[in-house]
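Hello,

Here is the structure I promised to pass on. My notes on it follow below.

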Amino acid sequence: MSPTAVPNRVSDAQRTLEQRFANPFLRRVLRSPLHRLASRWFALVSYVGPKSGRRYTFPVAYAVAGGGIVAVTPKAESNWWKNFRRPMACRLWYRGQRREATGEVVTGEFAADLLDRYAAAHGLLARELGIPEQGAGRVAGGEAARDDFAVVLFRFD
């Protein structure tokens, strides 16, 4: 591995556990009357892939910020965020309700602010993902670390 390469934050075993057990479980719970068990921390994102025409639905940890909800993912470990590089319509199951929304990747200072809000809301998860501590994006060396993450803002229609 080159000195500038970003190490994987999620092991293959963790990814398998997430895809086979955690995600299907959360999809069911978040759409059910039992959503309160998880909807404080997780929402479901559902969109149709522009190339495949296939519907994708998966849970994301979120924070309320920027006039909507914010999801963060390591760029090197997921691809879903690439579909939101331009504003894209989607559905969210948020706190037990299905809502239409528009998602978009945000960058720059706005993304740094939203990443700080996300890290504050998800301290342990943020540390596991390697998200820099609050304000680190504004000091030397912090910008490169923040560039490793896609920050997606979902605004309700």
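Tyr94 has a relative accessibility of 14%, so it counts as buried. The cut-offs: buried is under 20% relative accessible area, exposed is over 50%, and partly exposed is in between, with a 1.4 Å probe and protein chains only.

Tyr94 pairs with Phe156. Their ring centres are 5.3 Å apart and their planes sit at 40°, so this pair is tilted. Rings of Phe, Tyr and Trp (its six-membered ring) pair if their centres lie within 6.5 Å; planes under 30 degrees apart are stacked, over 60 edge-to-face, and the rest tilted. The pair joins distant parts of the chain: Tyr94 is in strand S4, Phe156 is in strand S6 (residues 149–156), and 62 residues separate them. Phe156 has a relative accessible area of 23%, so it is partly exposed.

Before going further, the ground rules. This is a predicted model: local features need pLDDT of at least 70, side-chain atom pairs count only at pLDDT 80 or more, and totals for chains, interfaces and linings use all residues. Residues are numbered from 1 along each chain as its sequence is written, and side-chain values use heavy atoms, with hydrogens and water left out.

**Aromatics**

The whole structure holds eight aromatic pairs. In one of them, Tyr62 and Tyr94 have ring centres 5.4 Å apart and planes at 70°, so they are edge-to-face. This pair also links distant parts of the chain: Tyr62 is in strand S2 (residues 55–65), Tyr94 in strand S4 (residues 88–94), and they are 32 residues apart. Tyr62 is buried, because its relative accessibility is 3%.

One aromatic cluster is formed by Tyr47, Tyr56, Phe58, Trp80, Phe84 and Phe154.

Two arginines lie over ring faces. Arg99 is over Phe156, at 3.8 Å from the ring centre. Arg31 is over Trp93, at 4.6 Å from the ring centre. The test for a charge over a ring: NZ of Lys or CZ of Arg within 6 Å of the ring centre and within 35 degrees of the ring normal.

**Overall fold**

The chain has four helices and six strands. From the N terminus on, the order is α-β-β-β-β-β-α-α-α-β. Helices (H or I, at least four residues) and strands (E, at least two) are DSSP runs, numbered from the N terminus.

Of the 157 residues in the chain, 41% are buried. Among contacts with a separation of 6 or more, 57% are between residues 24 or more positions apart. Contact here means heavy atoms within 4.5 Å. The accessible surface of the chain is about 9,300 Å², and carbon and sulfur atoms hold 52% of it. Areas come from the Shrake-Rupley method with a 1.4 Å probe.

**The second largest pocket**

How much space lies in the second largest pocket? About 200 Å³. Its lining has 16 residues, and the closest to its centre are Thr107, Gly108, Ala111, Arg146 and Asp147. Strand S5 (97–106), helix H2 (108–121), H4 and S6 each give two or more residues to this lining. H2 gives the largest share, four residues.

For the set-up: a pocket is an open set of points on a 1 Å grid over the protein atoms alone, where a 1.4 Å probe fits, with protein on both sides within 12 Å along at least five of seven lines; lining residues have an atom within 4 Å of a point. Volume is the space filled by probe spheres set on the points, which are joined across faces, edges and corners.

Arg146 belongs to helix H4 (residues 142–146). Arg146 is buried, because its relative accessible area is 6%. Its C-alpha is 9.5 Å from that of Pro74, 72 residues away along the chain.

**Other residues to look up**

- Arg95 is in the loop between S4 and S5. It is not a glycine, yet it has a positive phi of about 50°. Arg95 is partly exposed, with a relative accessible area of 43%.
- Gln97 is in strand S5. At 49% relative accessibility, Gln97 is partly exposed. Gln97 and His35 are 62 residues apart in sequence, with 9.4 Å from C-alpha to C-alpha.
- Leu26 sits in helix H1 (residues 12–30). Leu26 is buried at 13% relative accessibility. Beyond its neighbours within four places in sequence, Leu26 contacts Ala38, Phe42 and Pro59.

Best regards
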